Amino acid sequence: MLNQGRIDLLERMPPLKRVLKARAFQPAMMLLTLAVFTLAILAGLAGTPAGNRNFGIVFVWIVWWALLIAVLVPFFGRLWCTVCPIPAPGEWLQRRAIVQRRPGRLWTRGLRWPRRLKNIWLQNLGFLGVALFSTIILTRPNVSAWVLLSFLLAGVVLSALYRNRVFCRYVCPVGGFIGLYSMLAPVELRVADPDVCAAHKTKDCLTGNEFGYGCPWMTYPGSLQRNAACGLCFECLKTCPKNNIVLNLRAPGGDLLVADERRLDEAYKAFIMLGCALLYSAVLLGPWGWLKAWANMHTLPHWGLYALGFVVLNLAILPGTFGAAVWLARRIARQPQPLRRLIVDYAYALIPLGLAAWIAFTFGFVLVNGSYALAALSDPFGWGWDLFGTASTPWTPLGESVLPFLQVGVLTAGLLFALHTTYKIARQNSAQHRAAFLATLPISGFAVLITLGFLRLYLG
Amino acid sequence: MKQRELLALFALGVILLGLPLAVLGYQYWLRPALSPNRIIDIAARVPEQAGFAPDAIRVAVGETVTLRFASMDVTHGVAIGPGLGVDLGPIDPGQVKEVTLRFDRPGIYTYYCTTWCSPDHWRMRGTIQVSDPANPDVVPAAQPDPVIDALIAEGIDIDAAHTPSAEHAEISILAFHPSAQRGEAVIAGGLDVPAELRDPVWRQSHTPAEALELLTGQNPAASERDRLDAIAYLWAQDTADEALATGKRLYNQNCAACHGQSGGGDGPAAATTAEEPVAFSDPGYMFERRSDVLYAKIRRGGMGTGMPNFGTLFTPEETWALVRYLWTLTFGTPPRTHTG
C-alpha cells in the first residue's frame, strides 16, 4: 500500500542502482562540485570585482541557482544535497576517508545538538539573513566568496563538534528551502516495506556496517514519509542488508498531505520563501529605483528601514494576513481545530505557490543575464583570458518575447497546485465537502492575491 | 579500494591546495612577472560609491604602465588628460578597457568619467602623478596659465554674477535670435566692420555687447538685426572644423549633462547643481561674456556654483576649442568657417 502508484526506479534501472550503491559515486560528484565551488571562491577573492564578469557570481548566482530552483528541486528534490560540496570536507574529516568505509567511530567531539534546535528555525533565520544582504552578496564577488567560504568552514566546524551532518540538517540556509520544496518533487527515497525495517534488529541504516555509514542526516528510512529530512546520500541503499530501499517515481506533492509531520518552523519557511520571492521581485525586477538603492545599502538609515520592512513582512505581515484568512476559513467552515494548528496545516498549501514564484522570478533574471555565463566561462577571473573563445560574448538577453508567458504559466500552475492542496488539507480537517470547500475560499483568495501581486511585478 | 582513496585524496589536495596556489600565484606573481609592464586595475563606480579605486596612481617618468578600467555598476566612460588624447569611450557594467601609457616628463594627469553616470558624476576623477625617479617625492608644480593671470591682472572677477547689465538688458528679450549664417551675408553686403572686431585677439577679450557699440557707431543707419547678426557671425567664425569637432566632443562628454546638449541650461543634471547652469544658447547672457573669461571659468571652475574645474583635464587648446563651440551654441555655425 505504501508504494502504491509508484515506480521503483532502482528496480527498473539496475545500472542506476549500481551507480548509487558504489562508494565512489558521491565522493566523485562532490569532488567535482568542490572544484567548481573552490574556483568560485577564488574568483570572488582574486578576480574582477565586476560581478557580471566574475565566475564566482555568474556561476553561483545565475547558473547554479537556475539549475537548482528550476530543474533540480522541482524534478529531483534534494538531489543537489547528494552532490553539494559544502559538507564534504567536514564529513571526510569525520570519517578520515573520502571513498572507503573506514571502520571505527567518527572523528568528532560527538556533542549533542540542542533539542530546541532540532528544527529548521536556524535555517529560516539564516536564509532571512542571507536574503537581507542578498543585493550585496549576489553582486559583489568578494562578499559572495566570503559567504561561500563561511558555509564551508561552518560545515567543517560543526562536523568537528557534532556527529553526522548537523550543518545540512539544521543550519544550511539553502538546505532548508530545498527540503521544503523537495516535498513537491516527483521522486522519493522510501522503504519498500516498513514492516521489514521494524522487524530488523540491527538497524544498519542508522548504525552503519561494512558497506556504508549510518545515515548522516540522522533519519530513519523505515519511518520516512516525506522528502524533507532525507539528503539523498544513498548510504542506506548501501547499508540495508534487506534490500528494502526504493527510489520511487511518484505524483508530485504527496508529502504536503502528511498531516502528522507538519510543523510551525516549516510553515514559517513557506511564508519566508514566499515573502522573499515577493521582495526580491520588487527589488530586483520592479520599477522602484529607490527601493533598490535602499536594499543596496546606499545609506545605512535607508537600509535599516528596508531591513525592518523585510523582516516585518516575512515574519509578521505575511503570516498575519494568512492567519486572518485561516481564521475566516475556520469560522465559515466551522472547523473545530485550534487556529494555530490550522495555520500550520494550510501554510503547506503555499509551498507549490512559493516554488512557482521562485521559478518565475528565476526565469526573469536568468534569461536576461544568462549570456554572461559564456564570457565568464572563458575568462572566469576577468583577467582578459579567452579559454574557449567566448570571452567577448556580448550581453544578450534571451526569451524576452516568451518570458511573460513562461512566468504566467508557471505562476498559474503553482496557484492551481496551491488551490488543489488547500482543498485536500481542508478535507483532512473537515469530513464534509461543503465545509472543506468553504474553508478553501479565504485561503484561495489569499493565494490569488499573492499571485496577482507577482503578475503585477512581472508583467508591469 | 586503497588506490581509489589515494586518488581521491590527491584530487582533494589539488582542489583545496593546488587550485588556490595556482590562482593566487598567477595573480600576484606570475601575471606581473609575465607582463612587460606594470598593470594597474582600476574599478569604476559612481562617485556616491567611491568613484575610481584607486583614485591616485604614481608612475615614474619613462615607466610604461597598463591601466585597466572596469566598470562595476553603470556605464562609465574614461578619458585621460590633459593632452594625452586618451578616450576609451563608454565602458559598460562589467566591461574592461585598457590603455598602455608611457610618460616622458613629470606632471599630473587626470583620468575622468566622460559619461553622465550619477548626480555626482563630475566628481569621478583620479590622478596619475608622474614623478622623476631621481626626485620621486617632488610633486610637479602646476603650470601658470597666462590667460587667467592676465584676467587677474586686469582685475576681472571671473565669478561675477550672471545678471546682464541694464545697458544691454534688452538683448535678453530679443524678438529674434542673432544668426551667424545671416551675419556673413550682411558683412558681405557692405556693413562697415571696425578693424578691432576683425581681430580675433580683441574679440577674445571683449564681449559681443562691446563690439555692438563699436559697430553701431560705425553703422548708425544699419538695422539692429543686421548689426546683431554681424556680431554673431564674427564670434562664431573662429572655429576650424577640427577644433569645432573637438569642442563638440568635449562639450557633449563633460558639459551637456548640466548645460544641456543644445546649451539651453537644461541638461538632466541641471536640477542638482548649486546654481542654475547658464544657457549658452541665450544670446542675452552670452552678449555680456568674454571668451577669455569663459576659458578661465572652464579651466578653474565656478566658485560656489557647482561648476567643476576642467583645467586638470583639458589642454589650453582643447579649452579654447570648447569656448569656440559654446559660441556656436549661441549663434549657430556659419556656412563656411574662417580663421583669423
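Visitor: How does β5(B) pair with strand β8 of chain B, parallel or antiparallel?
Guide: Antiparallel, over four bridges. Strand β8 covers residues 107–113 of chain B. Keep in mind that this is a predicted model.

Visitor: Which residue is the bridge partner of B:Gly81 in β8(B)?
Guide: That is B:Thr110.

Visitor: What about β6 of chain B, how many bridges there?
Guide: Five, and the sense is antiparallel again. B:His76 stands opposite B:Ile91 in β6(B).

Visitor: And what do β5(B) and β6(B) form?
Guide: A hairpin, with four residues between the strands. In the turn, B:Gly83 has a positive phi of about 80°.

Visitor: Is β5(B) mostly covered or uncovered?
Guide: Mostly covered. Six of its six residues, 76–81, are buried. Both faces are covered. One side has B:His76, B:Val78 and B:Ile80. The other has B:Gly77, B:Ala79 and B:Gly81.

Visitor: Switching to chain A. Which domains is it divided into?
Guide: Domain 1 spans 7–255 and domain 2 spans 263–459. Their C-alpha centres lie 24 Å apart.

Visitor: How many residues are in contact between them?
Guide: 36 residues of domain 1 of chain A are in contact with 36 of domain 2 of chain A.

Visitor: Which helix gives the most to the domain 1 side?
Guide: α4(A), with ten residues. Helices supplying at least two residues each include α3 (25–46), α7 (121–132) and α11 (173–182) of chain A.

Visitor: What classes of residue are on that side of domain 1 of chain A?
Guide: It has 26 nonpolar, nine polar and one charged.

Methods:
Residues are numbered from 1 along each chain as its sequence is written. Chains are lettered from A and ligands numbered from 1 in the order in which they are written. This is a predicted model: local features need pLDDT of at least 70, side-chain atom pairs count only at pLDDT 80 or more; totals for chains, interfaces and linings use all residues. Domain bounds come from an automatic or database domain assignment. Two residues are in contact if their C-beta atoms, placed from the backbone, lie within 7 Å. Ala, Val, Leu, Ile, Met, Phe, Trp, Tyr, Cys and Pro count as nonpolar, Asp, Glu, Lys and Arg as charged, and the others, Gly among them, as polar. A residue is buried if 20 or more other C-beta atoms lie within 10 Å of its own, exposed if 12 or fewer, and partly exposed in between; C-beta atoms are placed from the backbone. Two strands pair if DSSP finds at least two bridges between them.
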